[in-house]
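Subject: Structure handover

Hello,

Here is the structure for you to look at. My notes on what was found in it follow below.

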Amino acid sequence: MFDGETVLFNHFSGDGNWSEPGWEVRTEQAVARLASAAFEAVWERGVPHEKYSV
């Protein structure tokens with residue numbers, strides 16, 4: 001998410017290599033809202049760096 005409107009998706013294969021087309025830029029409002037909501041949901045569940053342990 002770049003500006004609240006533009007989302008860049010990277011596409012990878014199962015072995016970690018880029019898959020075709022490799023990346024995709026989307027500007028639809030619904031896609032931007034979904035990406036933003038997903039980011040916020042995982043950010044809330046993240047572990048602060050100073051609390052992370054293996």
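**Strand pairing**

Val7 has Arg26 as its bridge partner in β2. Leu8 is likewise bridged to a residue of β2, namely Val25. Altogether β1 and β2 run antiparallel and are joined by 5 bridges; strands count as paired if DSSP finds at least two bridges between them. Strands (E, at least two residues) and helices (H or I, at least four) are DSSP runs, numbered from the N terminus. The hairpin of β1 and β2 has 5 residues between the strands, and Gly16 takes a positive phi near 90° there.

Before the rest, the basis of these notes: this is a predicted model, in which local features need pLDDT of at least 70 and side-chain atom pairs count only at pLDDT 80 or more, while totals for chains, interfaces and linings use all residues. Residues are numbered from 1 along each chain as its sequence is written, and side-chain values use heavy atoms, with hydrogens and water left out.

**Nonpolar patch**

Phe2, Leu8, Phe12, Trp18, Trp23 and Val25 make a nonpolar surface patch of about 710 Å². The elements that give two or more residues to the patch are β1 (7-12) and β2 (18-26), and β2 provides the largest share, 3 residues. Patch members have over 30% relative accessible area and no salt bridge; nonpolar side chains (Val, Leu, Ile, Met, Phe, Trp, Tyr) are joined within 5 Å, like charges within 9 Å. A salt bridge is a side-chain nitrogen of Lys or Arg within 4 Å of a carboxyl oxygen of Asp or Glu. Areas come from the Shrake-Rupley method with a 1.4 Å probe, and for residues only the protein chains shown count as cover.

Phe12 lies in strand β1 and is partly exposed, at 47% relative accessible area. The classes are buried (under 20%), exposed (over 50%) and partly exposed (in between).

**Helix α1**

Helix α1 (residues 29-45) has 17 residues and reaches 25 Å from its first C-alpha to its last, close to the 24 Å expected at 1.5 Å a residue; the expected span is 1.5 Å times one less than the number of residues. Its buried residues are Val31, Ala32 and Ala35. They fall within an arc of 100° seen down the axis, so they line one face of α1; the arc is taken from the directions from the helix axis to the C-beta atoms. On the other side of α1, Gln29, Arg33, Leu34, Glu44 and Arg45 are exposed.

Ser36 is also in α1 and is partly exposed, at 34%.

Regards

Terms used: Buried < 20%, exposed > 50% of the residue type's maximum accessible area, 1.4 Å probe, protein only.
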